[in-house]
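Subject: Structure handover

Hello,

Here is the structure for you to look through. Please keep it open while you read my notes.

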Amino acid sequence: DNAVWTLNVSLTRPSVATAVTKVGSDVVAVTKYLTDGGIAASDITLGSVSTYANEEWQNGNSTGRILNYRANRDVVVRTKNVELIEKLSQGIGTLLQTGVSVNNYGPQYYISTLADLRPQLLEEAMKDAKVRAVAITKAVGSHVGVVTGVKSGVFQVTTPDSTMTSDGGAYDTTTIKKTVTSTVSVTFTVNND
């Protein structure tokens, strides 16, 4: 329910002034594409313009001659309208076809309510642990006793069809739909029938 999309306007020109000027006009075009597409101006943040000189090198040594200047500026969109961001990111090619020099790093999608979901997910994991323990002990003629220990594992936020896991937890930001998995290790006493 939360999207962050970073676009970077970056180009090279013979002089620093022309590089900065072209970056400025391309940033205006990117911003217009976003606002015409339905993004509120307040959801767009512009980074500062940065420039650097590309020096000529020969045999591993700088000749001191400047070949050209590179300028760039980030355009970052933060919004709750994830479907609109998905649509605009898929249509960014139309902007590129007009000659605008923009790098699209793709939107990142986050769950803003993950902290609120954690207690519910842990509760569900505990219930699942109990069901599994009952099934295992029943198969050997025993039954589950009291809980003697609980250890919460990491949370995995993945694409719905993913099998990705990580010891430190995973957080995939490439898709809107996500699967959130929590693990718990529960120790029960076992009573023999």
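Below is what was found, part by part.

First, the ground rules. This is a predicted model, in which local features need pLDDT of at least 70, side-chain atom pairs count only at pLDDT 80 or more, and totals for chains, interfaces and linings use all residues. Residues are numbered from 1 along each chain as its sequence is written, and side-chain values use heavy atoms, with hydrogens and water left out.

**The open sheet**

Start with the strands β7, β6 and β8. Helices (H or I, at least four residues) and strands (E, at least two) are DSSP runs, numbered from the N terminus. Two strands pair if DSSP finds at least two bridges between them. Three strands make an open sheet, in the order β7-β6-β8, with mixed pairing. The edges are β7 and β8 (179-192), each of which pairs on one side only.

Strand β6 (residues 142-158) and β8 run antiparallel, joined by 12 bridges. Look for lysine 151, which stands opposite serine 185 in β8. Glycine 149 stands opposite threonine 187, also in β8. On the β7 side, β6 runs parallel to its partner, with two bridges. There, valine 157 has tyrosine 171 of β7 as its bridge partner.

**The helix across the sheet**

Which strands does helix α4 lie across? Helix α4 (residues 114-139) lies across β6, β7 and β8, at about 40° to β8. For that angle, axes are lines fitted to C-alpha atoms, for helices over the stretch in contact, and angles run from 0 to 180 degrees between N-to-C directions. Contact means heavy atoms within 4.5 Å.

The length of α4 checks out. The expected span of a helix is 1.5 Å times one less than its number of residues. The 26 residues of α4 should therefore span 38 Å, and its end C-alpha atoms are 37 Å apart, which agrees.

Buried means under 20% relative accessible area, exposed over 50%, and partly exposed in between (1.4 Å probe, protein chains only). In α4 the buried residues are Leu114, Leu121, Ala125, Ala129, Ala133 and Thr137. They pack against β6, β7 and β8. Just after α4 comes glycine 141, with a positive phi of about 80°.

Threonine 159 lies in the loop between β6 and β7. Its relative accessibility is 16%, so threonine 159 counts as buried. Neighbours within four places in sequence aside, threonine 159 is in contact with Asp172, Thr174, Thr175, Lys177 and Thr179.

**Rings**

There is one aromatic pair in the structure. Rings of Phe, Tyr and Trp (its six-membered ring) pair if their centres lie within 6.5 Å; planes under 30 degrees apart count as stacked, over 60 as edge-to-face, and the rest as tilted. Here tyrosine 110 and tyrosine 171 have ring centres 5.8 Å apart and planes at 50°, so the pair is tilted. The pair links distant parts of the chain, 61 residues apart: tyrosine 110 is in strand β5 (residues 102-110) and tyrosine 171 in strand β7 (residues 170-171). Tyrosine 110 is partly exposed at 27% relative accessibility. Tyrosine 171 is partly exposed too, at 34%.

**The hairpin**

Last, go back to β3 and β4. Strand β3 (residues 50-58) and strand β4 (residues 61-79) run antiparallel, with eight bridges. Glutamate 55 has isoleucine 66 in β4 as its bridge partner. The two strands form a hairpin with two residues between them, and asparagine 59 in the turn has a positive phi of about 55°.

Best wishes
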